Amino acid sequence: MDKLLEIDWDSVFIPSSSVAEIFVRGTLTYLVVLAYFRAFRRGTGQLNISDLLLVTLVSDAAQNAMAGTYESVTEGVVLVGTLVFWDYLINWLGYRSVFFDRVASPEPALLIKDGVLQRQTMKRELLTEDELKGILREKGVEDYTTVKLCYLEGSGNVSVIEKK
């Protein structure tokens with residue numbers, strides 16, 4: 001019965017690993033995962049099942065590399081703080097510097113020009129014609145031939161400028 005109410009305060013708050021090691025592990029893992037996502041993934045502004053699965057699996061796979069075998073609340077707080085720090089810093093640097101903005105955000109990809117599908121770009125972005133047509137319908141565009149310009153933005157959103 002004593003075990004039900006007994007709390008080992010040392011194991012709750014005193015780290016079993018160096019706080020500096022946790023920061024370095026979190027930093028390296030964050031930057032590598034950011035590079036992977038920047039190089040290989042750009043969605044269309046919506047999460048589908050495969051995107052959600054990818055994020056879940058990446059977070060699970062990265063957890064051990066990031067945290068090692070931490071058990072205390074302090075270590076968890078340091079690790080989460082490290083991830084939030086890098087996310088904020090990269091966004092802040094992207095806002096303040098053109099170079100970091102280019103590193104952190106992909107350039108817009110031209111999908112339609114003067115009513116003509118840019119199939120090479122669509123292929124590079126892994127976007128099918130049916131998916132693009134669906135996105136256009138959501139934007140209120142019935143026929144892609146009425147589109148002057150359509151871009152897949154760095155944020156994953158699709159912007160559409162119709163012909164006048």
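The structure is a predicted model, in which local features need pLDDT of at least 70 and side-chain atom pairs count only at pLDDT 80 or more, whereas totals for chains, interfaces and linings use all residues. Residues are numbered from 1 along each chain as its sequence is written, and side-chain values use heavy atoms, with hydrogens and water left out.

The protein chain contains eight helices and four strands; helices (H or I, at least four residues) and strands (E, at least two) are DSSP runs numbered from the N terminus. Read from the N terminus, the order of elements is α-α-α-α-α-α-β-β-α-α-β-β. Of the 164 residues in the chain, 24% count as buried, where buried denotes under 20% relative accessible area, exposed over 50%, and partly exposed the range in between, with a 1.4 Å probe and protein chains only. The chain exposes about 11,600 Å², of which carbon and sulfur atoms supply 60%; accessible areas come from the Shrake-Rupley method with a 1.4 Å probe, and for residues only the protein chains shown count as cover. Contact is defined as heavy atoms within 4.5 Å. Among contacts between residues at least 6 apart in sequence, 61% join residues at least 24 apart.

The four strands form an open sheet in the order 2-1-3-4, with antiparallel pairing. Its edges are strand 2 and strand 4 (158–162), each of which pairs on one side only. Two strands are taken to pair if DSSP finds at least two bridges between them. Strands of a sheet pair through backbone hydrogen bonds, either parallel or antiparallel. Strand 1 (residues 109–113) and strand 2 (residues 116–117) are joined by two bridges, and lysine 113 stands opposite valine 116 of strand 2. The hairpin of strand 1 and strand 2 has two residues between the strands, and within this hairpin aspartate 114 adopts a positive phi near 50°. Strand 1 also pairs with strand 3 (residues 147–152), in the antiparallel sense and over four bridges; here leucine 110 has tyrosine 151 of strand 3 as its bridge partner. Strand 3 in turn pairs with strand 4 over five bridges, again in the antiparallel sense, and cysteine 150 stands opposite valine 160 of strand 4.

The largest nonpolar core comprises 15 residues, such a core being a set of buried Ala, Val, Leu, Ile, Met, Phe, Trp, Tyr and Cys residues joined through side-chain atoms within 4.5 Å. The residues with the most contacts inside this core are Leu111, Ile112, Leu117, Leu132, Leu136, Val147 and Cys150. Strand 1, helix 8 and strand 3 each supply at least two of the core residues. Leucine 111, when its neighbours within four places in sequence are left aside, is in contact with residues including Leu117, Met122, Leu127, Leu132 and Cys150.

The structure holds three salt bridges, each defined by a side-chain nitrogen of Lys or Arg within 4 Å of a carboxyl oxygen of Asp or Glu. Glutamate 21 is bridged to arginine 25, with the closest N and O atoms 2.9 Å apart. These two residues are separated by about one helical turn, because they lie four residues apart in helix 3 (residues 19–40). Glutamate 21 is partly exposed at 37% relative accessibility, and arginine 25 is partly exposed at 29%. Glutamate 129 forms a salt bridge with arginine 119, the closest N and O atoms being 3.1 Å apart. This pair links distant parts of the chain, with glutamate 129 in helix 8 (residues 129–138) and arginine 119 in helix 7 (residues 119–124), ten residues apart. Lysine 133 also forms a salt bridge with glutamate 129, at 3.1 Å between the closest N and O atoms; lysine 133 and glutamate 129 are four residues apart in helix 8, and therefore separated by about one helical turn. Relative accessible area is 47% for arginine 119, 25% for glutamate 129 and 30% for lysine 133.

On the surface, Ile7, Trp9, Phe13, Ile14, Val73 and Val77 form a nonpolar patch with about 610 Å² of accessible area together. Patches are made of residues with over 30% relative accessible area and no salt bridge, with like charges joined within 9 Å and nonpolar side chains (Val, Leu, Ile, Met, Phe, Trp, Tyr) within 5 Å. Helix 2 (9–13) and helix 5 (73–96) each supply at least two residues of the patch. Isoleucine 7 lies in the loop between helix 1 (2–5) and helix 2, and counts as partly exposed because its relative accessibility is 45%.
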